[in-house]
Amino acid sequence: MTDTFTLNQQLAKDCIVLGSLGDSLLLLLNNSLVPWFILVPRTNACEIHDMSAEEQQRLFAEMMELARFVDNEFKPDKVNTGAIGNMVRQLHVHIIARYEDDYCWPQVVWGRPEKKVYTQKEIDRIVTRLTSRLKERFVVDQNLNK
């Protein structure tokens, strides 16, 4: 992983930085219509296949840990995982809880205009759940409530 990591401006604008999960930054898309998390590995690689085998293994482990968290905590009908990156080239992985009665099921959630921002209470609850379930693997961003 790299020491020169900088979060893409679009991700910073659209998301709440929750903290770190292993080697990745853990974000929450600021739209509470569906639980939508984003892992951003601290790397200069734009594609997963450009990462070293060790980096890939760590990222995959983080993805699975977050997907299990989403599945256990939010009880969705489906957990979607994707690393598309057409609009934002910085490598990032979406982990999204989908429900058969959510606002756009069964269509994709990308690019939809519907939005409901999280309240601080909702964010705090998610951080508490992450901290409780993921223990020391999840480190809260110190600037989260500032």
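The model is predicted, with local features requiring pLDDT of at least 70 and side-chain atom pairs pLDDT 80 or more, while totals for chains, interfaces and linings use all residues. Residues are numbered from 1 along each chain as its sequence is written, and side-chain values use heavy atoms, without hydrogens and water.

Glu114 lies in the loop between S5 and H3 (helices, H or I of at least four residues, and strands, E of at least two, are DSSP runs numbered from the N terminus). Glu114 is partly exposed, at 29% relative accessibility (buried is under 20% relative accessible area, exposed over 50%, partly exposed in between, with a 1.4 Å probe and protein chains only). Apart from neighbours within four places in sequence, Glu114 is in contact (heavy atoms within 4.5 Å) with Asn31, Leu33 and Tyr103. Between Glu114 and Thr131 there are 29 Å in space, C-alpha to C-alpha, for a separation of 17 residues in sequence.

Helix H2 (residues 53–74) packs against helix H3 (residues 120–134) at about 115 degrees, with the axes 11 Å apart; axes are lines fitted to C-alpha atoms, for helices over the stretch in contact, and angles run from 0 to 180 degrees between N-to-C directions. From H2, the residues in contact are Glu65, Phe69, Asn72, Glu73 and Phe74, and from H3 they are Ile126, Arg129, Leu130, Arg133 and Leu134. Glu65 of H2 is buried, with a relative accessible area of 16%. Beyond its neighbours within four places in sequence, Glu65 touches Leu21, Leu134 and Arg137.

The largest nonpolar core has 30 residues, of which Leu18, Phe37, Leu66, Val70 and Leu130 touch the most other members; such a core is a set of buried Ala, Val, Leu, Ile, Met, Phe, Trp, Tyr and Cys residues joined through side-chain atoms within 4.5 Å. At least two residues of this core come from each of strands S1 (15–21), S2 (24–29), S3 (36–41) and S5 (93–98) and from H2 and H3. H2 supplies the largest share, seven residues. Another core lies apart from this one and has 15 residues, including Phe5, Ile38, Val88 and Val109.
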